[in-house]
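Open the model in your viewer and keep the selection tool ready. This tour goes stop by stop and says what to pick next.

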Amino acid sequence: MSSNTSFSRRHFLRLSGLTSAGFIIGLSGVEGKALETVVNMSFLGESSSVTPFIIIEKSGRITIFNTKPEIGQGTFQAIPSIFAEELDLTLDMVTIKQSGGEKELGADQFAGGSASIRTSYKKYRIAGAAAREMLVLAASQAWGVPVGECKAELGKVIHAGSNRSLTYGELAEAASKLEVPKEPKLKDPKDFRLLGKSTPRPDVPLKSSGRAVFGLDVEVPGMAYASIERCPVFGGKLLSFDDSAAKKVKGVQQVITCERIIGKYRFEGVAVIADNYWAALQGRKALKVNWDFQGNETFNTKNYEQHLRDLAKNEGVLDHSQGDFDKAYAEAPVKLEAFYETPVVSHSPIEPMNCVAHWKPEGKLEIWTSTQVPFSIKNNFGKEYGLKEEDITVNVMFNGGGFGRRLYPDYVHEAVQLSKKAGKPVKAIWTREDDTQQGPFRPMTFSAFKAGLAANGEALAFQHKVISPSISASNSANYDKTKTDGGMMEGVSEQQYEIPNVKNLYVHADLHIPVAAWRAVTSTTLSFSHECFIDEMAVKAKMDPMAFRLSLLKKESDTKKLLLKLKEVSGWDKPLPAGWGRGVSQWEFFAGLAGMVVEVSKQGTGIKIERVVCVIDLGTVVNPDTVAGQVEGAVVMAISAAIKGGITFEKGRTVQSNYHNNPIIRINEMPPVETHILADGGDKIKGVGEPGLPPLAPALCNAIYAATGKRIRRLPFDIKKI
Amino acid sequence: MAAITLTVNNQQHKIDVDPQMPLLWAIRDFVGLKGTKYGCGIAQCGACTVLLDGNPIRSCSFPVSAAAGKKISTVEGLSENIEHPVQQAWIELQVPQCGYCQSGQIMSAVALLKKTPEPTDAQIDAAMQGHLCRCGTYPRIRKAIHRAAELMKTKA
Ligand code: FES
Ligand code: FES
């Protein structure tokens, strides 16, 4: 966490937005309209060259930048409210503008890792508080009264003694000339208007009326549409194509190639450029493309999974060791082993990948897109295309879902190249089939476990060996196979269970298909195997699964506190109806910590999820209602990944193509979800968007075991046939 | 190509398009209303839902020529100031996350409440099953439909 000492003075000025240029004013006045301005302002492009976090104009208008793309996780409300709180403003008093990766606003302009709030909460509060103190000081100087007699309140500085007040706009110019305070005093949390409260999100009305502008909705003058044919077999090369039929389709303008750059991969594509998207699609259907599959056409999931099982026999690379696992395991009177398997899954946000790019004749590039990584686009694309950072403008639109997919700007690369070649703005839209079949995907992980227990059930030795392809290896050609892979061992060695002898191992498997971070990344598969195996240990120890976990948590820890809370709020000790079962799980990883209790009932041959209770440990919470929504969403995503089909490959291609054969759960499959937030205040602040995923699958499978005695060691499974 | 007149939100639009073009792309790219979304193109996700003479249809799988002469309603036509009871309920319960699926969800909810002013959970599930929400707003959609039903009753 940055403290104020890490700010250079220049940076600090920028943070506060209190440069002399940054003060102009005029309350936008028309309430509600401010929101539409937000959407329109994201089209300002080059003219929006002044980009501090907060702009207070003389006219009274106050603009606050959201530096984290809004992907449904609520940053459009949460980030501006951090600044607004310290300035004592409500959100209807400000215009929220989405930042576009400008250097001055920092490299952390991305949405990922559940990091938006936990990495900016403190520094943005400091920026807001500095601006407030300068406004207050400016007022006290104007009135010639002691600064201690003045206070900021709802956009004004007030001097109660003389009943005078000045608006921030009126004070802006004078304030901008003052020294930026080095250690501004932060508000006392008990005076918060916004933070910690379920404040309505300003994007909700826009999203309830069709007015929110997503990437797919962007239109710029002279724009053409593109649909791109890519090799159906991963790793194929373009040999030739025949576009004569495609060019006969009315509205088709031209057929050109482009390259999809994703991690270490470069995949060729043939793009049909047309007057409208339907024509581009029709033209694409008429294309004849010859690919050289490079031998990849024999690849299939069945063989690859067997390969992973075979690899499990290798010792692997050491990830974490404590005590003497080999000895303790050899000597343990009670031993158990298990093997767990999980599938490849797709992100499948409902808004498919799309991008409008305009390569302008003067060598400037403007991009409009739904993305999680504006900073990386603005600052890294130049290398690829011979442009400078300042030549690139990124307009970040509302994202129709991210889930990690939009951390990868492969679709932006395609549009940029197409616009350059076509000499006009191009909007490239992936079809749902493209999105489902081309990846990148969440990779599978397979897990081999060993545990040794004492005769009384005490856990003595524990091993989790992960066998998987690697996200890092997909991202970089310089991947080092001789080392453990932190990304693929995520969370495994961070669990707080006190087991004296541990040896966790990693076995790498090569794969030629792009794989990627998916909401809660590898924790979504590793938590399943790890926490189900902990349950298997509890069964072997003849202990209640909650009591067994707590017996491994003697020291005080967040995990222990979380489980105790979960025990209480779930009513763990209350009897269940006949045919019901209850399961528990928790998972701590880089993004945060959450635990769940799931209750299920037997329904004929199947299982019904009756209830999900979640406790999420945050320390500090910005918007409890957003947190509840994020947990509900995480549960939906985790159930889909546990009980729906997943992605498989045959003949080198993705088998699934759209939502009919790559389904996600629907409203009728949704169980009730109860969310409890642990927020003790203080300095601790953890992530929200992801921690709700990992505990679901293991808690569900542990509940199914409790109800039926059936242990599920492979995802996905058919919940209608247990 | 064919000249087709579409009546969208009580306004007539003359467009010249391939008669086989899905209504979705005609509405978005020719009429210029972007609230209706593309998600799957095969009637699986509901993002493209509009009302045709009051009934929800998947505009991605409906040829534009078949919509001529019918009344098409899109999310933009619900209200001037976001005050339709369904929209009010959506805001009250803070339903949308990314928001991308919500235009379609809202149009189906509007159609449901017209036919069934006080739907049960089972009726809501039946009417809304055609809509995917990857963000997982299902519990709130259910609550918001009940709330909209209440709001409509007090209004009536
Ligand atoms: S886009 Fe029409 S149902 Fe999905
Ligand atoms: S709100 Fe994001 S898909 Fe429904």
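**Before you start**

This is a predicted model: local features need pLDDT of at least 70, side-chain atom pairs count only at pLDDT 80 or more, and totals for chains, interfaces and linings use all residues. Residues are numbered from 1 along each chain as its sequence is written, chains are lettered from A and ligands numbered from 1 in the order in which they are written, and side-chain values use heavy atoms, with hydrogens and water left out.

**Stop 1**

Color the two chains apart. Select the residues in contact, meaning heavy atoms within 4.5 Å.

Now look for charge pairs. A salt bridge here is a side-chain nitrogen of Lys or Arg within 4 Å of a carboxyl oxygen of Asp or Glu. Five salt bridges are counted between chain B and chain A. Select A:D625 and B:R140 to see a salt bridge between their side chains, at 3.1 Å from N to O. Side chains of opposite charge can pair when their charged atoms come close.

Next, show the polar contacts. Each is a pair of N or O atoms within 3.5 Å; within protein, one must be able to donate a hydrogen and the other to accept it, and residues adjacent in sequence count only if both atoms are side-chain atoms. Between chain B and chain A, 25 residue pairs are in polar contact, both at pLDDT 80 or more.

**Stop 1: inside chain B**

Color residues 2-77 of chain B as domain 1 and 85-155 as domain 2. Domain bounds come from an automatic or database domain assignment. The centres of these two domains of chain B, taken over C-alpha atoms, are separated by 21 Å. Their contact takes 16 residues from domain 1 of chain B and twelve residues from domain 2 of chain B.

Between these domains of chain B, the buried area is about 1200 Å². The salt bridge count there is zero, while six residue pairs are in polar contact, both at pLDDT 80 or more. On the domain 1 side, pick β3 (49-52) and β4 (55-58) of chain B, the elements that give two or more residues. β4(B) provides the largest share, three residues.

**Stop 2: the domains of chain A**

Bring chain A back. Color domain 1 (7-209), domain 2 (215-295 + 353-429) and domain 3 (301-345 + 441-708) of chain A. Where domain 1 of chain A is in contact with domain 2 of chain A, 24 residues of domain 1 face 23 residues of domain 2. The area buried between these two domains of chain A is about 1800 Å², with 62% from carbon and sulfur atoms. Zero salt bridges are found across this interface of chain A, and four residue pairs are in polar contact, both at pLDDT 80 or more. On the domain 1 side, α6(A) gives the largest share, three residues.

**Stop 4**

Zoom to A:D88 and A:K187, a salt bridge with its closest N and O atoms 2.7 Å apart. A:D88 lies in the loop between α3 (75-86) and β4 (94-98) of chain A and A:K187 in the loop between α5 (168-176) and α6 (203-207) of chain A, so the pair ties together parts that are 99 residues apart in sequence.

Go to A:P440, in the loop between α13 (432-437) and β19 (446-453) of chain A. The peptide bond from A:G439 to A:P440 is cis, with omega near 5 degrees. Most residues other than glycine have a negative phi, and most peptide bonds are trans.

Conventions: Buried area is the accessible area (1.4 Å probe) that two parts lose on being put together, summed over both. Helices (H or I, at least four residues) and strands (E, at least two) are DSSP runs, numbered from the N terminus.
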